[in-house]
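My entries follow in the order in which I made them.

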Amino acid sequence: MSTTMNRAGLTRDAYKGAPTTLCAGCGHNSITNHLVKALFELGIEPSRLAKMSGIGCSSKTPAYFVEQAHGFNGVHGRMPSLTTGAALADRQLIMLGVSGDGDTASIGLGQYMHMIRRNVDCTYIVEDNGTYGLTKGQFSATADVGSVQKRGSVNEFQPIDPCMVALTLGASFVARSFSGDGKQLVPLLKAALAHRGTAILDVISPCVTFNDHEGSTKSYAYVKDHDTIIQDVTFIPYFEEITVDYEPGTTREVEMHDGSRLILKKLDDDHDPSDRVGAMRLIEENRERGILVTGLLHMNESMSDFATREGLGASPLRDLGESELRPSRSEFDTFMATFG
Amino acid sequence: MEPTVNDLTITAATVNGSGSQSANLVLTRAIFSLGIPVAPKNVFPSNIEGLPTWYHLRVSQHGYQGRRGENPDVLVALNPATWAADLRSVRPGGAVIYEEAYSTLDARTDLEFFPVPFSKLAKTRIQSETLRKQLTNLIYVGIVAGLLEIPLSALEQGIQRQFQSKPKAWPVNLDAVQVGLEYWNEHFAGRKIDHRLEPNPGRTDGLMLVDGNQSAALGCVMGGCTVAAWYPITPSSSLCESLISYSERFRVDPESGEKRIAVVQAEDELAALGMAIGAGWAGARSMTSTSGPGLSLMAEFAGLAYYTEIPVVIFDVQRAGPSTGLPTRTAQGDIGFAFTLSHGDTRHLLLLPATVAECYEMAQTAFDLADRFQTPVFVMSDLDLGMNLWMSSPFAYPEQGFDRGKVLDRDELERVGQWGRYRDVDGDGIPFRTLPGTDHPLAGYFTRGSGHDENARYSENAAIYAGNLDRLTRKFETARAEVPAPIVDPEGSSVGLIAYGTTHHAVVEARDLLRAKGLAVDYLRLRALPVSASVVEFVETHERVYVVEQNRDGQMYDILRLELPPALVGRLRSIRHYDGQPIPADAISRPLLELEAVPV
C-alpha cells in the first residue's frame, strides 16, 4: 500500500473501488487502473466526482474505482441524458461517463451525438471492443468490415467510428487510445478531465473472451500491430511547473482553459489537433491503409460548454431555495393580473 | 316566448391558419367582461394551414365549464368546406352568420340567416393588406356583437385584454369589429333570435381566463423547478413554452443575468426524461412534460426512477388514441398505462387535476411528493384542460416552503455515522439519500437499476430482492394517505358517482340535470392514485357507484376493481366517453337515467 498523498490529501487506494467482476485480462480492467492513476494524480476530490454509465461490461466499471464517489449505472445507451441533467443541476460536479461500443454506437448513438452537439461538460470514455460481451459475443456497430467473430461469421457492415461521429459533430475534444498503452492513455484521460466540454475518448479495449482471436481487428495482437501513435502526450496540470526542456520545434504546446498544458511531441506526422478536418483525414487515410491512429485527434478549448450556453451561474441550481426561485408576493400578484 | 338569457353556444367554423383564434378570443373576453361566464372549447386539426377548425364558445349563466355538445345556437360559417355539415348542426331557431357567397339552396327553414359579404368587406374596408386575412375574422365579431347586443365598451375591453402587450393593435382590431357592427346596423338592425345576453355586473369580477398548461408552468416556477427537459408534442408543448416565458420573467438574476433554471429541448422523450432524472438524482427539482406517444417512450426511464428512487415530475397532457391517434383531441386514456409505467413490478403516484387552479397547485404538490417519496410523480392533465381557457379565481401564493424529503447533508452524515441508501429507518418505506457533491466520505453510493441491497450494493440475492420490492410497496402504501385526498360531495343518495380530471365539469352539470329528474347522486372526485381509504368508504356506503371517465376501456374502473375489497367490486359500474371531444353532461345523465330506470 502506497502512502504517497496527492494534493487532496488522499493516497492512491482512495481511488480504488470494489473488486472487478470482469474477466481476467479484460481491457476494461486496464482502463480502470489507468483511470485510478489519472484521478489520483490529478488530486480529484471523490465527493466532486460523478461516475456515470449505461449498460454492458464497460458500464459496470464505475463500481471498480473511487468507491467514495457517487455513481450512476443507468439504462442502456442513455447515460448521456442522465449526465446532461446532472451537469445542469450541479455545475461543480466532475462528470465522468464510461460507456461501451454497444452502449454508444448502437442503442445510444442518438444520445451520444446530441450530448456532443450540446458540448455537455463531461468526460466520455468508450471502452471499445467491437463486441457484445455480456450477451456472449455478437458483433457491435464498431466492428470493422471483415472482422471475424469467434464463432466464424464475418462482419460485412461498415463500422461506426465514435471518433469520426464526434468530429463530424464538431466535438470539442476527441482522442483515441488503447487500453494496453497507459503511457498514452493516462495523460489523455487527464486532459479529457481537465477539458471543459464533452471530451470523447475512444479506447480500444480487447475482449479476451469473445474478441481476442485471429481474424478480429480488436484483439490485443491486432491492435499492437496496427496502432500508430500520432504524438507523445504529456499532460502538465495547472498546479505543476514544466520541468523538462523540449527541443525547439519538436513539440506543440496547448494551453487548456484551466491553465493545464499539453505537450505534444511530434512523431512521424505533425498533426495539428486544432484542425478538425485534418483529424478526419488522418483517421480515414490511415484506416484505408489498415492503420489505427491513436492520440489526441482534436481539441477546441474556446467552445462554450452547455451549462454556460444555458446562462447558468457557477453555483449549483439544486442549492437554490424558495427566496431565489419564487417571485415575491407582489410580483406574483402583478403577474396574476395579466390573465384577463 | 321569452328569450333564453346567457345560455347559448356560439360556434365559429373557420379554416386553420386563417388567424381566427384571436377573433375568437376577443369575442370570448368581450362576453366575459360583461360578467357572463364563458367556457370555450377550441377544436383544431393536426395541421398548420387549410384543415377545418371550430371554436365552440359556450355561454352559461350557471357557470358550467363542460362542453355542451355540437348544436350551436349561433353559427359563424367561414369555411366553405364544412358549410353544409355546419349548417345541419345548428339548433332549430338558431342564427347562421355566413359568407354570402355560399350557396343556400338546401338551406333549412327553421333558422335565421344573416348573409354577410365578408370577403368584399375585407377588401374594401380593411386597408392593410398584410393584416387583411386576420382582421377579416374580427368582422364576424362585429356581426355577432350586433346580433347579441354586445356593447362597444365590452368589445374594446376584449381587444385590450387579448392584445395586452400590443396597444398598437387595438385601433386596427376595433376598426375591423366596427366594420361588422356597421354592416349589422345597415342590414339586420332590430333582428333578434330566441337567445340574448344580459350583463351580470360583478359576476366574473376577480376571475381570470387561463389554460391548464400555463397554470402548470406557473406551478413549476412556484414549486422550485430548476431543470426541465422536453420534446415538442401536442398538446403539451405550450406547458414548457410557458415555463420558458415565465422563467425569463422570474428566473433571471437581476444583477448577474444568470439563469436560475435550465429548460432544455431534448432530442426525444427518452432523453427528456433521462435529463430530468439525472437532474433529480443530482438534487434539482426537475420535470418533463409530454403526451401519450412520448409517455410510451418514457417507460424505460420511468422504471429506472421508480426502482432507483429518484424524484422527478412528469406532466402528461393526455390526447386521444393509441399510436398517433387524434393528436389534437382530448382523452383520459393514459391512466392505466401511467399507473404501472415500465416493465416488472412498478407502481407510480398519479395526480389528477380537474381545474386550472389544480394544475397550478398540483404542479407544486408533485415536486414535494417526488422529493418526499423519491419517486416519479405523474400529473395527468389532458388537452381540454391544458389548451382551453378556463375561468378561475387568481391562484394563491404558496404559504409553505419546499419539502425536500429525507436528504442527509454533510452534518447529518457526521451525526448518524453510518447509513444505507435503501434502508427503511422510519418504517414508512422511505429511505434516506445523499446528493452527489456532498463533501463527506460517507456520502457516496452507487445508484443502479440492477438488483441492489440496502447499502446500494449489487445483489442478485432472492431474499434481498424481494425485501426491497416489499419496502417499495410499503412506501407506496405510505403515499396513499399523503397524496391529495378525494373530494366527496354527498346528498344522502344510495347512488354514487366517481370521476376525476376534466370529467368533473360534466359531472357538475349532469348532477343538476339528474336532480331535475328527481335523481340525486353523491359524488366523489378522485385527485390522485393510489386511492385513499375514503374511496373504499364511499363505495361501502353506496349501493351502486358509477365510475365516469374519458377512455374506452374504463381504465380507472379497472384500477378501482383491483384496489377495492372483493366484496365491493360488484357495486361498481362504468360510464365511458371516448370520441376525442370533451365529455358533455348528457353523456353521463342519459345512461344514468336509463341504468337507474328513472322515467325520462
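**Entry 1: one residue in chain B**

I looked up A13(B) and found it in strand 2 (residues 7-15) of chain B; helices (H or I, at least four residues) and strands (E, at least two) are DSSP runs, numbered from the N terminus. I note that the model is predicted: local features need pLDDT of at least 70, side-chain atom pairs count only at pLDDT 80 or more, and totals for chains, interfaces and linings use all residues. Residues are numbered from 1 along each chain as its sequence is written, and chains are lettered from A and ligands numbered from 1 in the order in which they are written.

Is A13(B) buried or exposed? A13(B) counts as buried because it has 26 C-beta neighbours inside 10 Å; the cut-offs are 20 or more other C-beta atoms within 10 Å for buried, 12 or fewer for exposed, and partly exposed in between, with C-beta atoms placed from the backbone. Leaving out residues up to four places away in sequence, I list among the contacts of A13(B) P52(B), W54(B), L75(B) and D86(B). Contact requires C-beta atoms, placed from the backbone, within 7 Å. From A13(B) to Y557(B), 544 residues along the chain, I read a C-alpha separation of 36 Å.

**Entry 2: domains of chain B**

I took the division of chain B as domain 1 (4-205), domain 2 (210-392), domain 3 (410-480) and domain 4 (487-595); the bounds come from an automatic or database domain assignment. For domain 2 and domain 4 of chain B, the C-alpha centres lie 27 Å apart. Their contact takes 20 residues from domain 2 and 21 residues from domain 4. Elements giving two or more residues on the domain 2 side include strand 14 (326-330) and helix 14 (383-387) of chain B.

**Entry 3: chain A against chain B**

I found 56 residues of chain B in contact with 47 residues of chain A. Which element of chain B gives the most to the side that touches chain A? Helix 9 of chain B does, with nine residues. I also noted strand 2 (residues 70-73) of chain A, joined to strand 18 of chain B by three bridges and running parallel; pairing needs at least two DSSP bridges. N73(A) is opposite R448(B) in that strand 18.

**Entry 4: chain A**

I counted 12 helices and 13 strands in chain A. Of its 340 residues, 53% count as buried. The C-alpha atoms of chain A fill a box of roughly 75 × 50 × 45 Å along the principal axes.

Technical notes
Two residues are in contact if their C-beta atoms, placed from the backbone, lie within 7 Å.
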